[in-house]
Amino acid sequence: MGEDPVLVEMEDGVAHITLNRPERLNAFNAPMHVALMDALNAADDDQSIRAVVLTGSGRGFCAGQDLGDRDPADGAPDLGATLDATFNPLVRKIRRMNIPVLCAVNGVAAGAGANVALACDIVIAARSAKFIQAFSRIGLVPDCGGTWTITHLIGEARAKAIMLTGEPVAAEQAQSWGMIWKVVDDDQLAAKARTMARSLARGATVGLGLTKRLVQAAASNTLDDQLDMERDLQREAGKTSDYAEGVTAFMEKRPAQFTGKR
């Protein structure tokens, strides 16, 4: 543990990606950024991988950026350049992947760690998990898309309050607000994530990827735009082998055997 900043396990069509700097609460440094992007790109390029699980090792999910990586006493850093080079491409990658990305938050998710988690398609959290917008405590603004994602998920009033105060949001509160999907007991998190990811990977994953695109576009589309986009992507989904298999299986009263191929 601790040698590789990111661990990857491929199983049953699922890429299990684990942030692996437990001694630093899985805080991001340069090697972790590179390793995580490599893992996501590999999963995206591998036709046998049809879902991703992202989690953390040890007692927390991710503490955000490793503040020990830079010292303001050495001169004011260009944090905008850091975002352009690391966190922003990471969030865009997660959002643009054509397969479901499930995040299993196994403890504290703070700062950029919280916002990377919330950028994923489905978020489940251990009952002991907390989401913290820690930026105000060090004089920064929330990043990694947090001001967009959280505001869309829970509304302006709650988003402002947790970002301005830095007050932790417990997992059950996050579920109640609609910030995340589900809370499970700590000892059930890993098993629940694996079961859900396997189920997603066995599904009609082309259709799932198109659905992901539609839901993400809905935040900025007009109704007319969304209707047109649904038409276009439904046309695309209707040409897949998974659609043909789904209808055939329904008519034959048997479980569908989806392949995830167009």
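Two strands pair if DSSP finds at least two bridges between them, and strands themselves are DSSP runs (E, at least two residues), just as helices are DSSP runs (H or I, at least four), both numbered from the N terminus. With those terms in hand, here are the views. The model is a predicted one, where local features need pLDDT of at least 70 and side-chain atom pairs count only at pLDDT 80 or more, while totals for chains, interfaces and linings use all residues. Residues are numbered from 1 along each chain as its sequence is written, and side-chain values use heavy atoms, with hydrogens and water left out.

**View 1. An open sheet of 4 strands runs in the order S4-S6-S8-S9.** Its pairing is mixed. Strand S4 (60-62) and strand S9 (169-170) form the edges, and each pairs on one side only. Look next at strand S6 (residues 108-110) and strand S8 (residues 130-132), which are parallel partners joined over 3 bridges. Which residue of S8 does Val108 stand opposite? Val108 faces Lys130.

**View 2. Strands S1 and S2 make a hairpin with 2 residues between them.** Strand S1 (residues 6-11) runs antiparallel to S2, and 6 bridges join the two.

**View 3. Strand S2 is largely enclosed by the rest of the structure, because 6 of its 6 residues are buried.** Buried here means under 20% relative accessible area, exposed means over 50%, and partly exposed lies in between (1.4 Å probe, protein chains only). In a regular strand the side chains alternate between the two faces of the sheet. You can see this in S2: Val14, His16 and Thr18 point one way, and Ala15, Ile17 and Leu19 point the other way.

**View 4. Strand S3 (residues 51-56) has partners in both S2 and S5.** Strand S2 (residues 14-19) pairs with S3 in the parallel sense over 6 bridges. Within that pairing, His16 has Val53 as its bridge partner, and Ile17 has Leu54. Strand S5 (residues 101-105) is also parallel to S3, over 3 bridges, and here Leu54 stands opposite Cys103. Are the residues of S3 buried or exposed? They are buried, 6 of 6, with Ala51, Val53 and Thr55 pointing one way and Val52, Leu54 and Gly56 the other.

**View 5. A β-α-β unit is built from S2, helix H1 (residues 30-45) and S3.** This unit is right-handed: with the strands pointing away from the viewer, the path from the first strand over the helix to the second runs clockwise.

**View 6. The structure holds 0 disulfides.** A disulfide is a pair of cysteine sulfur atoms within 2.5 Å. Cys120 is in no disulfide, and the nearest cysteine sulfur, that of Cys103, is 4.5 Å away. Cys120 counts as buried because its relative accessibility is 7%. Cys144 is in no disulfide either, with the nearest cysteine sulfur, that of Cys62, 8.7 Å away. Its relative accessibility is 2%, so Cys144 counts as buried.

**View 7. Stepping back, the chain has 10 helices and 10 strands.** Of its 262 residues, 45% count as buried. The C-alpha atoms fill a box of roughly 65 × 45 × 35 Å, taken along the principal axes.
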